[in-house]
Amino acid sequence: MFNKTLTATAAAMLMTASAATASTYVLDFDADPNNAAEVSSLDSSASQLISSPRDFVDGGLTWRVTSAGGAGVALFDTTCGYGFGANGCAGDADLQVFDQSNADGVSGNVLIQQEIGNAGSPDDDAHTMSLSLQLLSNVTLEWTGASALDDGFYRFNFGNVELGTVDNGNGRAFDNTTGSVDFAATVELVQNDVITVFFNTSPNTDGGASGAVDNFRFNVIDDPDGATGVAPVPLPASLPLLLIGAAAFAALRRRKVAA
């Protein structure tokens, strides 16, 4: 009876410990209409061009975006029609997503490098280098994945460490394509850390790179100021349960050996 009870108790403790999951934060460049800071910093209804470097607020956190190559940074609204219309949206037609309910969730702003010499309309640069984003808020995030839109090859880095890639190919046959990656190895970001996305030619095709950043995905590890509005992963609470469960299994093993 003792063995069965101890086994069930230890297993329950381990399951409780392992069931703790992190809260998710998605950096998707879309403003919360109820957050004035986000609306003012992520508005893409007019020229859609923003300066580099540029600070913006998304999901309650403040980021600084900097471009290397191209003509700066632009926000492209994928829900707007091509050309200058009554709503003021304009830009590259191949950045518009046909299916706004696709698996990658592209339904609003994407971040691009602005093409040199085409300052009047957001247009992704076919020969761009990189976009870097610096976390300015006092939080700890675990970077778990990303997605990208349109042609080209995307490489996601933390410093010199490559975490994952998205290959959307090249050329008209791949226009409007979205690709997503879940990182096999993740990293933790704290205030002032920088993440980078590199735009390159696809290794499987020829031609230039193109495209946009759709989103970055994170787990919230620590948020002392409550900026994200979600509860961080309860690791400190789960660790004691894990240790107690492991100790219970060890005791059960010793009891069986002694018997």
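Which residue in S13 does Val26 stand opposite? I began my notebook with this, and I found that Val26 stands opposite Arg217 in S13. I kept in mind throughout that the model is predicted.

**Strand S1 and its partner**

I then looked up the two strands around that pair, and I noted that S1 covers residues 23-27, while S13 covers residues 212-222. Five bridges connect S1 with S13, and the pairing is antiparallel. When I turned to the faces of S1, I wrote down Ser23, Tyr25 and Leu27 for the covered face, and Thr24 and Val26 for the uncovered one. Val26, the residue I had started from, therefore belongs to the uncovered face, where covered and uncovered rest on the buried cut-off of under 20% relative accessible area.

**Strand S12 and its two partners**

Next I looked up S12, which spans residues 194-200. Strand S7, residues 130-135, runs antiparallel to S12 and is joined to it by five bridges; within this pairing, I found Gln134 with Val194 as its bridge partner. Strand S9, residues 153-158, is also antiparallel to S12, again with five bridges, and here I noted that Phe156 stands opposite Val197.

**The whole protein**

Finally I stepped back to the totals, and I recorded three helices and 13 strands for the protein. The protein has 259 residues, and 45% of them count as buried. For contacts between residues at least 6 apart in sequence, I noted that 71% join residues at least 24 apart. The accessible surface comes to about 12,300 Å², and carbon and sulfur atoms account for 56% of that surface.

Note on methods: Residues are numbered from 1 along each chain as its sequence is written. This is a predicted model: local features need pLDDT of at least 70, side-chain atom pairs count only at pLDDT 80 or more; totals for chains, interfaces and linings use all residues. Side-chain values use heavy atoms; hydrogens and water are left out. Two strands pair if DSSP finds at least two bridges between them. Helices (H or I, at least four residues) and strands (E, at least two) are DSSP runs, numbered from the N terminus. Buried means under 20% relative accessible area, exposed over 50%, partly exposed in between (1.4 Å probe, protein chains only). Contact means heavy atoms within 4.5 Å. Accessible areas come from the Shrake-Rupley method with a 1.4 Å probe; for residues, only the protein chains shown count as cover.
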